Amino acid sequence: MGWNTTAIFAAGWTTDRLLELAPDDLRHRPTGELVGLDEAGAAFPGGRLYLREHAGWAQLWDPELRVMPFAPDPGRDGLAAPGTRVLGVIFASVSSTYGFWYVEDGKLVRQIVFQDGEPVQEDGEPLPVESGIEFPDWGPDEDFVFAVIRAVTGFEPDDEPRYAVHEVA
């Protein structure tokens, strides 16, 4: 599967609070449908956001890359509040772009984005998980991003239909 999405994981937040990070002109409504991660991480069908709360973390998946800025501003939308833990990730297989940013206690701890296997943005010291990941010949891919997600949030991906669909108008 070709992954093409951004996702935000926020400890102790609700999905409603995560939706506040969406641009003001991004109108959306819940459909009542639940889907698996494969659909939540793919660009087809378009015009959707996917939400889930699990094990103390709220998740927002956006296959059209509208919600999460490429270079996060931890000072906006409560990301800089004391006690916050927020992880943002990007998977873009078509452009071979993979990376993440991690805010802890309101401060940007780590950010790294790879494009075509080369780092194009990097801040902070590597997280311990990064030293244990072997990259394929072509560079970091979705396995890298999922390893970081697991290490930070404890999230284990599955394809059970647990992601609430919101249509975007």
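Let me begin with the helix α3, whose buried residues are E142, F144, V145, F146, A147, V148, I149, V152 and T153. Please keep in mind throughout that what we are looking at is a predicted model.

α3 runs over residues 142-153, and from its first C-alpha to its last it reaches 16 Å, which is close to the 16 Å expected for its 12 residues. The helix is mostly covered, with 9 of its 12 residues buried, and what lies over those buried residues includes the strands β1, β4, β5, β6 and β7 together with the helix α2. If you look at the two ends, you will find that at the start of α3 a side-chain oxygen of D141 comes to within 3.0 Å of the backbone nitrogen of D143, while just after the helix G154 takes a positive phi of about 80°.

Now to the interior. In soluble globular proteins, nonpolar side chains tend to be buried together. Here the largest nonpolar core has 29 residues, and those with the most contacts inside it are F9, W61, L87, V89, F91, F100 and I149. At least two residues of this core come from each of β1, α2, β4, β5, β6, β7, α3 and β9, and it is α3 that gives the most, with 7 residues. A second, separate core has 20 residues, including V67, L79, V86 and W101.

To see the surroundings of one of these residues, take L87: leaving aside its neighbours within four places in sequence, L87 is in contact with, among them, F9, F100 and W101, and also with V148, I149, V152 and T153.

Is β4 enclosed by the rest of the structure or open? It is largely enclosed, because 6 of the 6 residues of β4 are buried. W57, Q59 and W61 point one way from the strand, whereas A58, L60 and D62 point the other way, and all of these residues are buried.

As for its partners, β4 pairs with β1 in the antiparallel sense over 6 bridges, and within that pairing A11 has W57 as its bridge partner in β4.

Definitions and conventions
Residues are numbered from 1 along each chain as its sequence is written. This is a predicted model: local features need pLDDT of at least 70, side-chain atom pairs count only at pLDDT 80 or more; totals for chains, interfaces and linings use all residues. Side-chain values use heavy atoms; hydrogens and water are left out. Helices (H or I, at least four residues) and strands (E, at least two) are DSSP runs, numbered from the N terminus. The expected span of a helix is 1.5 Å times one less than its number of residues. Buried means under 20% relative accessible area, exposed over 50%, partly exposed in between (1.4 Å probe, protein chains only). Contact means heavy atoms within 4.5 Å. A polar contact is a pair of N or O atoms within 3.5 Å; within protein, one must be able to donate a hydrogen and the other to accept it, and residues adjacent in sequence count only if both atoms are side-chain atoms. A nonpolar core is a set of buried Ala, Val, Leu, Ile, Met, Phe, Trp, Tyr and Cys residues joined through side-chain atoms within 4.5 Å. Two strands pair if DSSP finds at least two bridges between them.
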